[in-house]
Amino acid sequence: MSNDESLDAVDREILFHLRQDGRLTNVELAKRVGLTPPPCLRRVKRLEETGVIAGYRAVIDPTATGRGLEVLVDVEISAQDRKSFEEFEATVSSYEEVIEFRRMYGRPDYFIRVAVADHAAYETFLTGKLSGLPAVLRLTSHLTMKKIKGEG
């Protein structure tokens, strides 16, 4: 059921409400989508079993955990061989500050989302970890002025 066409309007409505509040009870969810609880629960279970619902999570306030500064980093690398790519990816993935890490088509080669306490912590991360990696050719940091839409 990974195909969007196999989801009907009720499935989409269920997903909408669970995206808004993953802790809804089945009774409340059923009421919101116009079903009785048993068929609603069957639909949710089917969405989970087919992988449409991949999991549930808590949304954490980054400021409350001392990670109020989020920086988006574009990375271009000089390496062309698979081993270098794999080593770079394994190293960057292991960094606690990295909260999202994507290999991209085209440029940049990678997109990294970093969460740290402040500018000094970011500078330490950038100079002490990221820029020192052998494969790194170019780093471009982007600081957010205002978050308009996003998870959390």
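**Helix 1 and beyond**

Author: Let us begin with His17, which sits in helix 1, the helix formed by residues 9-20. Please bear in mind that the model is predicted.

Reader: Is His17 buried or exposed?

Author: His17 is buried: its relative accessible area is 11%, and the cut-off for buried is under 20%.

Reader: Which residues does His17 touch?

Author: Leaving aside residues up to four places away in sequence, His17 touches Leu24, Leu29, Arg32 and Val33.

Reader: What does UniProt list for residues 7-68?

Author: The UniProt entry, which is unreviewed, lists residues 7-68 as "domain: HTH asnC-type". In the model, that span is 53% helix and 0% strand, and its end C-alpha atoms are 37 Å apart.

Reader: Turning to aromatics, how many aromatic pairs are there in the whole structure?

Author: A search of the whole structure gives five aromatic pairs. One of them joins Phe88 and Tyr110, with 4.9 Å from centre to centre and 50 degrees between the planes. That pair is classed as tilted.

Reader: Where do Phe88 and Tyr110 lie?

Author: Phe88 belongs to helix 4 (residues 82-94) and Tyr110 to strand 3 (residues 110-116), so the pair ties together parts that are 22 residues apart in sequence.

Reader: Which residues form one aromatic cluster with Phe88?

Author: Phe101 and Tyr110 form one aromatic cluster with Phe88.

Reader: Now the whole chain, please. What pattern does it follow along the sequence?

Author: The protein chain has five helices and four strands. Read along the sequence, their pattern is α-α-α-β-α-β-β-α-β.

Reader: What is the radius of gyration of the protein chain, and what would a compact globule have?

Author: The protein chain has a radius of gyration of 20 Å, whereas a compact globule of 152 residues would have one near 15 Å. Along the principal axes, the C-alpha trace spans about 55 × 35 × 25 Å.

Reader: What share of the residues counts as buried?

Author: Of the 152 residues in the protein chain, 29% count as buried. The chain exposes about 10500 Å², of which carbon and sulfur atoms supply 52%.

Reader: And what share of the contacts comes from residues 24 or more positions apart?

Author: Among contacts in the protein chain with a separation of 6 or more, residues 24 or more positions apart account for 60%.

Methods. Residues numbered from 1 in each chain as written. Predicted model: local features only at pLDDT ≥ 70, side-chain atom pairs only at ≥ 80, totals over all residues. Heavy atoms only, no water. UniProt positions renumbered as here; feature names shortened; annotations may be inferred. Helix = DSSP H or I, 4+ residues; strand = E, 2+ residues; numbered from the N terminus. Buried < 20%, exposed > 50% of the residue type's maximum accessible area, 1.4 Å probe, protein only. Contact = heavy atoms within 4.5 Å. Phe/Tyr/Trp six-rings, centres within 6.5 Å; stacked < 30°, edge-to-face > 60°. Rg over C-alpha atoms; globule rule 2.2 N^0.38 Å. Areas by Shrake-Rupley, 256 points an atom, 1.4 Å probe, with all protein chains shown as cover.
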